[in-house]
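Hi there,

Here is the structure I promised to pass on to you. Have a look at it first, and my notes follow below.

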Amino acid sequence: MKSAASREVNEIRAQYEARFLSAWARREELFRLIRDGHLLGKPIVWRHPFLFYLGHLPAFSWNQICGSILKWESFNPCFDELFCRGIDPDVDTGECHWHPEVPDEWPTVRQTKAYRDRVRGAILESLDVVPRGFSNNIMAQGGRVFDMVLEHEYMHQETLLYMLQELPMEQKNRPAQEPRYAFHSAPASRSIHIPAGKACLGARFNEINFGWDNEFFTVTVDVPAFDIDSLPVTNGEFFEFVESGSYDEERFWLPADWKWKQLENKRHPNCWLKRDDEWVYRAMFDHLPLSKVMDWPVYVSLAEGRAFARWRGKRLPSEAEFHRAAFYGSDGRESSYPWGEAAPTPRHGNFDFASWSPMPVGSHPAGASRWGVAELVGNGWELTDTPFAPFPGFVPYISSYPDYSKDFFDGKHFVVKGASWATAVELMRPSFRNWYQVHYSYVFAKFRCVSS
């Protein structure tokens, strides 16, 4: 008979295998949305072509598990290096000093898929080896390296989706499950008072199964009282900002943001189009009249969110204010989710690939925080005006990926919290931190206003 410990190891192995197979199946579903002949397309100039991500996800898996921990001999070291890391250049200057050189010619789709398939076989094989023989490696302990690779997969699946958002409709296939759009009216937003109190940011290393280096360690912040909108800003509210002419008034923009707006000739959010006198919303697979999605959250850059907030006589929240509004209540206790400790379900919000698009704001009242602030998680990431920076005691503990966060502690990247409709549920822990540049317009990111 197998021992209880042996059965537990086998059960954990089976769980990881199921998670990998599920993640890979979803990845294939996303790549099938790109029509033949368009994998070398670059719908976002700041990113590599789609083909890179076909190779990057397996390369990251190989480098972190089979290369770093197991020290297995590579069957394609050229691809391990070529696909090892993507691009995040300065969107204002185009400069980038750390990503691999772009090759004169990318490998073929057939070569890249063959590499992917061999890596997948190796990853499944590693599930039998890593937990049993490498307990002295911090990334092997508790399957931490498997969680890291899976979370990296989930994050890049969302990257693929916002790249697909930019791909012309004629270059995309429709999904097997057709989008189901919701057009019902949203409740009215109101201002909610959050009294002064504490917010504990970050996480303790041994209290979560896995966390990225920037999540550690904890820091407790005294947060002064503030008022926060109960709902994110909608397309309709932002439309008033644009139609009033205020979007084009310099006084509402910070100087650097105004300079970017002028250089890019920005006249409206990235997902909007103007066809003669008609406003159109560019969803993932359809062009919809903007008038039908006025109650959806508006997706904008941090620069645009700042300008709108100043027009309203308000500002954007800090990371600490978001955290206090999302994970605390009048009793002063922190919860795992805005609504409490219950595991996330579809009734709590629009996340975990449940939909191909946003929904009207306030569609999930069960997901409101204990203060009554709705939709802090789901339907779009939440922009904050806090620069992405390390917490006290920060250590780049992932020795095989020491630059994961510290490359971005540059004052140009800002913290983004919560989750979008395309965010995996595994990333919805309170300590998880996303980050983007001020002038990056492609993320599924919404915002709300606060005042002191």
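What is the order of the strands in the open sheet of 3 strands? Before the answer, please keep in mind that this is a predicted model. The order is β1-β4-β12, and the pairing is antiparallel. At the edges sit β1 (191-194) and β12 (450-451), each of which pairs on one side only. Strand β4 (residues 226-229) is joined to β12 by 2 bridges in the antiparallel sense.

Next, a pair of helices. The axes of α2 (residues 50-67) and α4 (residues 109-126) come within 9 Å and cross at roughly 30°. Angles under 35 degrees count as roughly parallel, so α2 is roughly parallel to α4. The crossing of α2 past α4 is left-handed. On the α2 side, the contact residues include Leu51, Leu54, Trp62 and Ile65, while α4 contributes, among them, Val109, Tyr115, Val119 and Ile123. Sorted by class, the contact of α2 with α4 has 12 nonpolar, 4 polar and 2 charged residues.

Finally, the aromatic rings. There are 56 aromatic pairs in the structure. One of them is Tyr404 with Trp435: the ring centres are 5.4 Å apart and the planes stand at 75°, so this pair is edge-to-face. Tyr404 lies in the loop between β8 (380-387) and β9 (413-419), and Trp435 lies in strand β10 (residues 434-437).

Enjoy exploring!

Best wishes

Conventions
Residues are numbered from 1 along each chain as its sequence is written. This is a predicted model: local features need pLDDT of at least 70, side-chain atom pairs count only at pLDDT 80 or more; totals for chains, interfaces and linings use all residues. Side-chain values use heavy atoms; hydrogens and water are left out. Axes are lines fitted to C-alpha atoms, for helices over the stretch in contact, and angles run from 0 to 180 degrees between N-to-C directions. Helices (H or I, at least four residues) and strands (E, at least two) are DSSP runs, numbered from the N terminus. Angles under 35 degrees count as roughly parallel, over 145 as roughly antiparallel, 65 to 115 as roughly perpendicular and the rest as oblique. A crossing is left-handed if the near helix is turned anticlockwise from the far one by less than a right angle, and right-handed if clockwise. Contact means heavy atoms within 4.5 Å. Ala, Val, Leu, Ile, Met, Phe, Trp, Tyr, Cys and Pro count as nonpolar, Asp, Glu, Lys and Arg as charged, and the others, Gly among them, as polar. Two strands pair if DSSP finds at least two bridges between them. Rings of Phe, Tyr and Trp (its six-membered ring) pair if their centres lie within 6.5 Å; planes under 30 degrees apart count as stacked, over 60 as edge-to-face and the rest as tilted.
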